[in-house]
Each structure stands twice: as C-alpha cells, then as structure tokens.
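My entries follow in the order I worked.

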Amino acid sequence: MVEQFSMDQFSLKGKVALITGASYGIGFAIATAYAKAGATIVFNDRTQEAIEKGLANYEAAGIKAHGYVCDVTDEEGINAMVAQIEKEVGVIDILVNNAGIIKREPMLEMKAADFRQVIDIDLNAPFIVSKAVLPSMIKKGHGKIINICSMMSELGRETVAAYAAAKGGLKMLTKNIASEFGEANIQCNGIGPGYIATPQTAPLRELQEDGSRHPFDQFIIAKTPAARWGESDDLSGPAVFLASDASNFVNGHILYVDGGILAYIGKQP
C-alpha cells in the first residue's frame, strides 16, 4: 500500500551523506542543500589544505561537516575512508559522486595518458566509491547513489572526447547500478547539470570591451530556452529529491538540469 503524500518524504533528517570533492562548487551547493534538509555532511578531497578550506566554507555557512583526505581513484584508500566514516559518523545513506575533471583538448592532440586520467576520475572513481558504500546500504536495506553526469552524457562537442566518453559511461553505470541493486531498495540516479555560472566559467560571461556578450556566452544563451546560465542552487532541489524518500520509485534516471538545452534545437538565424 502506498502511503499518502507528506512533505516529510523530502526530509533527510538522520541521514549521512557523502559528497565527493565537495569543498566548493557544485558539490558544496548540493551538500549545503542536504544539510538544510537535515543530513549530516561528509566530504573528501585530495589534500589536507583543500579539506581545511572546505571545512571553513561549511563553517561560514553554519554547517558542521566532516572532511577526509582521500583520492577517489585509490580503491584501498576509499575502502579505508568509508570504514572510518562508518565508525566515526555513521553508515552512509546517500552518496553523491561529484568529484571530476575535464581536459579541453582536440582529440588528435590529446595524449592517451590524459584521456585515461579523465576516465579514471570521472568514471572509474564513481565505480570505486559506489562499490565501497553498497555493502552497508544493502545491509541497512536502503540507500541512494547520485552520479553527477553531464549534458555530455548525451551530446558530443569539440575538445571534450575524454569527458564525453566518461560521462556517457557514467550514465550507463548509473543505469546498471539501478538494475543490479534495485531489489535491495537502493536507488541510483544521475543529475546532468547544464552550463552553470561558477567562478571557473566567469571569464566566459564577462562583457567584451564593446559591451557585447562573450561569444561563448552568446552561444549558451541562444541554445538555452531559459535564456540564462544555471546557478549552483538550481541543482539543490533536484539533488534533495533524488536523495530523499520522495524518489524511492525513481531508479536509473538521469535528471538533466539544463534550462531546456537538450530539448531545444536553437534559435533560427
């Protein structure tokens, strides 16, 4: 019997959420939303310096977070970190595979080693971290895994061969985790952000000397029905939904938060 709807279904109170690479940026925005919904926040980064900066960001936001130094591509390190989190904080109820990199380089100029590095961080790492948290989720009888995919999970574009390959693979890893562990009451979904206004993309949004938009800015606005860049907070609601009991029958889905880009052919010249 399906329970009657309640806003409590969106609460994350009492949940432990691990968001990888969430010292800043999109991961930090998602973690902040989870904290406001009641979750205990855990994040990792590769250096103690990055962890300290992340903890300072959370403290400034009024959030008590737990930071761990760990490289998401290190399987032994991840297994040890997850065991430590379970001992010090609690069993991980929600995993967000957020850590990732992009290398913009024409395919014919890209070295295989650089291609492998992107695949390792953007695809192998979500496999490694998911594999580490799944046994305890299975034992507990419930869990949520959210993979940060991309519009490049669906589209190609010049200079992002490795990134598109990794994010396309991550889409299919999402569907496979959903298929393999759905019977254990574990839901695995993805979020595909559109073009988000961050400090990293700020130079692409600066006005030119003649007062016109940057060419790439013009391109994004023209391709987006919402006619704007996304904000990190635009991801908060979808991320909370996919982490909450409100999405318990949503599995293997990629939710694109892109202002409508993937639905739109673009303005006629």
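I take helices (H or I, at least four residues) and strands (E, at least two) as DSSP runs, numbered from the N terminus. This is a predicted model: local features need pLDDT of at least 70, side-chain atom pairs count only at pLDDT 80 or more, and totals for chains, interfaces and linings use all residues. Residues are numbered from 1 along each chain as its sequence is written, and side-chain values use heavy atoms, leaving out hydrogens and water.

**Entry 1**

I started with F216 and F219. Both sit in helix α6 (residues 215-223), three residues apart, which is about one turn of the helix. An α-helix has 3.6 residues a turn, so residues three or four places apart point the same way.

I count rings of Phe, Tyr and Trp (its six-membered ring) as a pair if their centres lie within 6.5 Å; planes under 30 degrees apart are stacked, over 60 edge-to-face, the rest tilted. The structure has eight aromatic pairs. In one of them, F43 and Y58 are tilted, at 5.1 Å centre to centre with 35° between the planes. This pair links distant parts of the chain: F43 is in strand β2 (residues 40-45) and Y58 in helix α2 (residues 48-60), 15 residues apart.

F43 is buried at 0%, and Y58 is buried at 0%.

F216 and F219 also form a tilted pair, at 5.8 Å centre to centre and 45° between the planes. F216 counts as buried at 15%, while F219 is partly exposed at 39%. Y195, F216, F219 and W229 make up one aromatic cluster.

R205 lies over the face of W229, at 5.5 Å from the ring centre.

**Entry 2: the sheet**

I call two strands paired if DSSP finds at least two bridges between them. Seven strands form an open, parallel sheet in the order β3-β2-β1-β4-β5-β6-β7. Which strands stand at the edges? They are β3 (65-69) and β7 (254-257); each has a single partner strand, so one side of each is left without a neighbour in the sheet.

β2 and β3 pair in the parallel sense over five bridges. The bridge partner of D45 is V69, in β3.

**Entry 3: helices on the sheet**

Contact here means heavy atoms within 4.5 Å. Axes are lines fitted to C-alpha atoms, for helices over the stretch in contact, and angles run from 0 to 180 degrees between N-to-C directions. Helix α4 (residues 112-140) lies across β1, β4, β5 and β6, and runs at about 175° to β4.

Helix α7 (residues 236-243) is largely enclosed by the rest of the structure, because six of its eight residues are buried. Those buried are S236, P238, A239, V240, L242 and A243. They pack against α1, β4, β5, β6 and β7.

**Entry 4: cysteines**

How many disulfides (cysteine sulfur pairs within 2.5 Å) are there? I found zero. C149 is in no disulfide. The sulfur of C188 is 8.3 Å from its closest cysteine sulfur, in C149, too far for a bond. C149 counts as buried at 2%, and C188 is buried at 0%.

Definitions and conventions. Buried < 20%, exposed > 50% of the residue type's maximum accessible area, 1.4 Å probe, protein only. Lys NZ or Arg CZ within 6 Å of the ring centre and 35° of its normal. Disulfide = S-S within 2.5 Å.
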